[in-house]
Amino acid sequence: MFSLLNLQSLLGVLAVIAACWALSENRRAFPWKLALGAVAVQALLVLALFAIPGSQALLAAITGAVDALNVATQRGTQFVFGYLAGGDQPYVVGNEGALFTFAFNVLPLILVISALSALLWHWKVLKWITLGFGFLFQKTMGLGGASALAVAANIFLGMIESPIVIRAYLDKLTRSEIFLMMVVGLATVAGSTMVAYASILSAVLPNAAGHVLVASIVSAPAGILLARIIIPETPGQGGETADYGSALKYDSAIDAIVKGTADGLMVVLNISAVLIVFVALVALVNVMVGGFWLFDAPVTVERLLGWLFMPVAWLMGVEWSEAGRAGWLLGVKLTLTEFVAFIELGKVPVAEMSERTRMLMTYALCGFANIGSVGITVTGLSVLIPERREEVLGMVWKALFAGFLSTLMTAAVVGLMPAAIFA
């Protein structure tokens with residue numbers, strides 16, 4: 001049955017669309033058909049992945065695969081780092097929880113999944129899945145072949161790796177198409193990080209792996225819609241076709257594994273560097289404002305953003321009693337990256353947050369839209385299309401806004417769905 005929480009989520013969808021329309025470069029060119037189609041595609045994808053017969057078996061298989069990858073990765077990590085990575089301890093452990101180390105328990109997964117993704121791409125498994133999604137977006141959302149392929153690749157590859165798939169066509173894309181590619185890149189996550197997020201949440205959220213996978217897929221249509229609202233395509237332009245056979249290639253299976261591992265290492269280094277710098281910067285700001293107190297606690301960046309995002313979390317469908325913590329998590333994601341936000345979400349005891357709120361926050365946090373990604377986006381696209389660097393710089397903050405709202409819209413659409421389908 002339709003409840004007040006579902007109504008909140010409906011208001012959230014409308015509020016996200018309205019916020020992007022307010023920033024639109026051409027408000028008269030609002031894509032009504034695309035808006036209805038994007039929400040419908042999101043809802044249908046959620047239903048297809050959770051409600052159709054056999055979907056629970058598929059989700060169980062995904063969870064089993066994630067568990068297997070975790071175990072296999074731990075073996076490799078412990079072989080290299082020994083007791084530092086959770087192997088046999090040379091001393092009595094007084095606090096088992098303290099053995100969890102982000103560098104040894106999460107980042108190695110990215111290396112393994114990156115290599116595995118490259119291998120699956122070489123074997124054409126991941127490539128055909130990507131082409132299938134590209135065809136879906138091309139036919140249902142009116143994208144050109146090149147844009148559709150880049151959007152589909154974003155679901156499984158990173159926001160910089162996916163443009164490489166259509167590198168030969170990047171200089172031919174319109175301003176609107178480049179903006180769309182940037183937004184979807186910030187609204188989704190890479191396959192290499194999906195497994196890491198799922199492993200962080202596995203203890204506190206049923207079907208965590210399935211939710212994370214669905215979140216990245218379903219946020220793509222939201223990113224397409226919001227990008228088209230903010231920078232509409234000029235009639236008669238865009239629609240660059242692409243030869244789907246000319247995409248990313250590897251010479252052999254070994255070449256795929258080696259290059260995939262090298263690419264994963266760059267991702268790990270980027271994530272590590274961004275986390276160190278931004279956690280340090282936020283801590284520095286907190287020291288500077290820590291002398292001010294509000295409600296019997298010192299002022300921090302996270303608390304301020306938590307208050308700011310409380311109504312945003314409520315509009316997604318979160319109960320007001322939990323909106324404060326949910327808004328705080330959104331603030332953590334924006335400033336400290338989604339990795340830190342997922343870790344904080346995973347730390348919340350099961351009894352202290354409802355399953356609905358935890359599920360909605362999983363969708364809201366599952367995207368690369370954070371301040372650190374702005375620099376990564378500009379740097380990556382400046383290398384791929386240096387002649388359009390100024391154009392990218394002029395759109396990147398709008399892309400961050402739209403990418404951040406895309407995951408909120410996805411969470412709101414999920415909040416619209418009957419709770420029974422997730423049981």
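Predicted model: local features only at pLDDT ≥ 70, side-chain atom pairs only at ≥ 80, totals over all residues.
Local features are taken at pLDDT of at least 70 and side-chain atom pairs at pLDDT 80 or more, while totals for chains, interfaces and linings use all residues. Residues are numbered from 1 along each chain as its sequence is written, and side-chain values use heavy atoms, leaving out hydrogens and water.

**View 1. Helix α2, residues 32–50.** Helices are DSSP runs of H or I with at least four residues, numbered from the N terminus. The 19 residues of α2 reach 27 Å from first to last C-alpha, close to the 27 Å expected (1.5 Å times one less than the number of residues). Buried residues (under 20% relative accessible area, 1.4 Å probe, protein chains only) of α2 include Leu 34, Val 41, Gln 42 and Phe 50.

View 2. Residues 32–52 are 90% helix and 0% strand, with end C-alpha atoms 29 Å apart. For residues 212–231 the values are 95% helix, 0% strand and 28 Å.

**View 3. Crossing of α1 (residues 4–22) and α13 (residues 301–316).** The axes, lines fitted to C-alpha atoms over the stretch in contact, come within 6 Å and cross at roughly 115°, on a scale from 0 to 180 degrees between N-to-C directions. Gln 8, Ser 9, Leu 11, Gly 12 and Ala 15 of α1 meet Trp 314, Leu 315 and Met 316 of α13 in contact (heavy atoms within 4.5 Å).

**View 4. Ser 199 in helix α10, residues 191–201.** Ser 199 is buried, at 18% relative accessible area. Beyond its neighbours within four places in sequence, Ser 199 contacts Asn 70 and Leu 109.

Definitions and conventions: Helix = DSSP H or I, 4+ residues; strand = E, 2+ residues; numbered from the N terminus. Buried < 20%, exposed > 50% of the residue type's maximum accessible area, 1.4 Å probe, protein only.
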